[in-house]
Every structure is written in C-alpha cells, then in structure tokens.
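Me: I'd like to go through this model with you, piece by piece. Can you take my questions as they come?

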Amino acid sequence: MIRVHSSLIAMDTHTTPRTPVTLLGLGDMGTALARAWLDAGHPLTVWNRTPEKAGRLAGEGARVASTPAGAVASATGPVVLCLLDDASVEEALDGVDLTGKDVVNLTTSTPADARRRARWAGERGARFLDGGIMAVPPMIGRPETGGYILYSGDRALFERHRGALEVPAGVKFVGEDPGHAALHDIALLSAMTGMLAGITHAFALVGAEKDLDRAGFAALLADWLGAMSGTTHEMAAQLESGHYTEGVTSNLAMMTAGNDALLATAEGQSVDPRLLTPYMELMRRRVAQGHGDEGLAGMVGLLRGE
C-alpha cells in the first residue's frame, strides 16, 4: 500500500497544515494509531521503549525520539500516551517537563487512575484529556468498522485537537470528569465479557450435535443478540425513573422460573453451567427479597446494595 505522508502533502499549497502529534508507545494499538496519523498527513514524532518498532515507522515518515523527554520537549500538538498501563505512564514521564503540554492519555486505566493522572498532569503544568479506545488495532483508521474512542476531561482541549483525534477513529466526549472515559470503557468491556460468556455457553450446548449447522446457528445467535440489545434502553429508563417495575416485558420471577430449563438442558448436553449460574443465583436472591415483579433493573439495585 502506498502511504502519503506530511512531506508529500506539504507540496500541495491548498492543503490545510495538519496538527503535529507526539505518540509515546508503539504496541499493536500504538502502531495502528501512528499509521493512521501518518496516512492522514500529520507530522508525527514517536517514542517506544524498544527502538525497533519506532525504526520501522521512521521509514514511513515518522520522526523518532530517543527518549520520552526529547519527544515531549519538541511537541507542539497533543502528546498521546498509548502504553501498557498506568505504571508505564508514570515510569515513561518520570522527571519529564510537561509545562504547557497537552497530554492525551489513551492507556487503559481505571476511573481512579484517570482522575489521579489528571491531578498529576495539572500539578506539572499540563492540560489533560483521558481516553478509552473502543476498537481493536485492525479497526483503527477504518471508520466503516464502527470503532471509536471515548474522551473525558478538559473539554476545551478536546475541541482544540478534535481534528487530529478524529483521524484514527470516531470520537465521543463523555464528560468533564476525567474518570468518565475509563468508566465508560470498563463498563462497555464488562458488558461484552458477559455477552461472550453467553455466546461461549451457547456454542458449548450445540457443540455435541454432529449434524447441526454451526454457521447457521451463528447467524441466528447474532441476530437474536442484536434483537435483545433493546433491553438496554428499557433498563436505562427504569433506572432513570427509579421504578423497576414500569414497562417490564419479562419480570425476574418469570425469568428465574425459565432458568430451570436452561440448567436442565446444560446437564443433558453435558455442559458445565458455571458461566450462567452466578447470575441466576443473584436473580433468585432478588426474587426471594420480594422483587419478582421487577425487570432487570432490579438486578442493578441488588448489585448496588439497594
């Protein structure tokens, strides 16, 4: 594939200059981000703990810094962090002068980490924006895949660099609390984990049937999960109103009774039910507390100790 980078774009006098970006961290995600910015013509400075990955990007138009301090010192646009974890951010920027810099942290972290990092940046004279990437590396730079990046924190900073931030993936600003991007990220990933557990159990149930069309079953499963996703809106409305019995289509008592058939089928198919039973046990507890007429929002109440 032919890449058109900033040196070539600069030859076109009608092209608006692109915001320079500094990127620390070139794992699979960092490398995908780097290539998206290079392809869009943004001058890019990169640093990575292992120089080999940075060297490959040098051949594609990136400027390689030998140290994080050197990379940050030359930054005139956003300094984007895409490192392993919060401890890696601390280590990479230990002693680095951040005065006047715009720090955008795309390192996966907890809400508490993000809020602490925002205070840390402010104490060092930097502006701070936290992000959560809702995509895998092959989705970066490909808007048709639906990937996006959540941002929270300094809204003015987000708007200032929005043009550059939109290049790798769509953007969603979710609040001025710097911890909200991480909170949304982890909540969405938690929901995905539960969904994947259900998918795994479903395929285990049908797996022993030699004459079953697995591709056909997969299509049915995908369609069914999509149809059931509307439950999220029902639950959100109940949580907003505080009335967990309003607009309920299937209450907890009904679902708990139906769970017996799910468990019996798992036993009949010689499938371990442990991906399902913790949730089912919580449902039984809520019903036993006298809330069988509630919808699934009642389960949120249970988890929150209501």
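Me: How many bridges join S6 to strand S7, and do they run parallel or antiparallel?
Reply: Strand S7 (residues 148–153) is joined to S6 by 6 bridges, and the two run antiparallel; helices (H or I, at least four residues) and strands (E, at least two) are DSSP runs numbered from the N terminus, and two strands pair if DSSP finds at least two bridges between them. Within this pair, glycine 132 has leucine 150 in S7 as its bridge partner.

Me: Before we go on, what sort of model is this?
Reply: This is a predicted model, in which local features need pLDDT of at least 70 and side-chain atom pairs count only at pLDDT 80 or more, while totals for chains, interfaces and linings use all residues. Residues are numbered from 1 along each chain as its sequence is written, and side-chain values use heavy atoms, with hydrogens and water left out.

Me: Is strand S6 mostly covered or uncovered?
Reply: Strand S6 (residues 127–134) is mostly covered, with 7 of its 8 residues buried (under 20% relative accessible area, with exposed over 50% and partly exposed in between, using a 1.4 Å probe and protein chains only).

Me: And what about S5 and S6, which way do they run?
Reply: Strand S5 (residues 102–105) and S6 run parallel and are joined by 4 bridges, with aspartate 102 partnered by arginine 127 in S6. Between them the chain passes through helix H6 (residues 111–123), giving a right-handed β-α-β crossover, that is, a path from the first strand over the helix to the second that runs clockwise with the strands pointing away from the viewer.

Me: What is the strand order in the whole sheet?
Reply: The open sheet has 8 strands in the order S3-S2-S1-S4-S5-S6-S7-S8, with mixed pairing. Its edge strands, each pairing on one side only, are S3 (63–64) and S8 (170–173).

Me: Switching to the cores, which residues have the most contacts inside the largest one?
Reply: In the largest nonpolar core, which has 32 residues, they are Leu23, Leu33, Leu44, Ile140 and Tyr151; such a core is a set of buried Ala, Val, Leu, Ile, Met, Phe, Trp, Tyr and Cys residues joined through side-chain atoms within 4.5 Å. Helix H2 (residues 28–39) gives the most to this core, with 7 residues.

Me: What is leucine 44 in contact with?
Reply: Leaving aside neighbours within four places in sequence, leucine 44 is in contact (heavy atoms within 4.5 Å) with Val21, Leu23, Ala34, Trp37, Leu38, Ala62 and Arg63.
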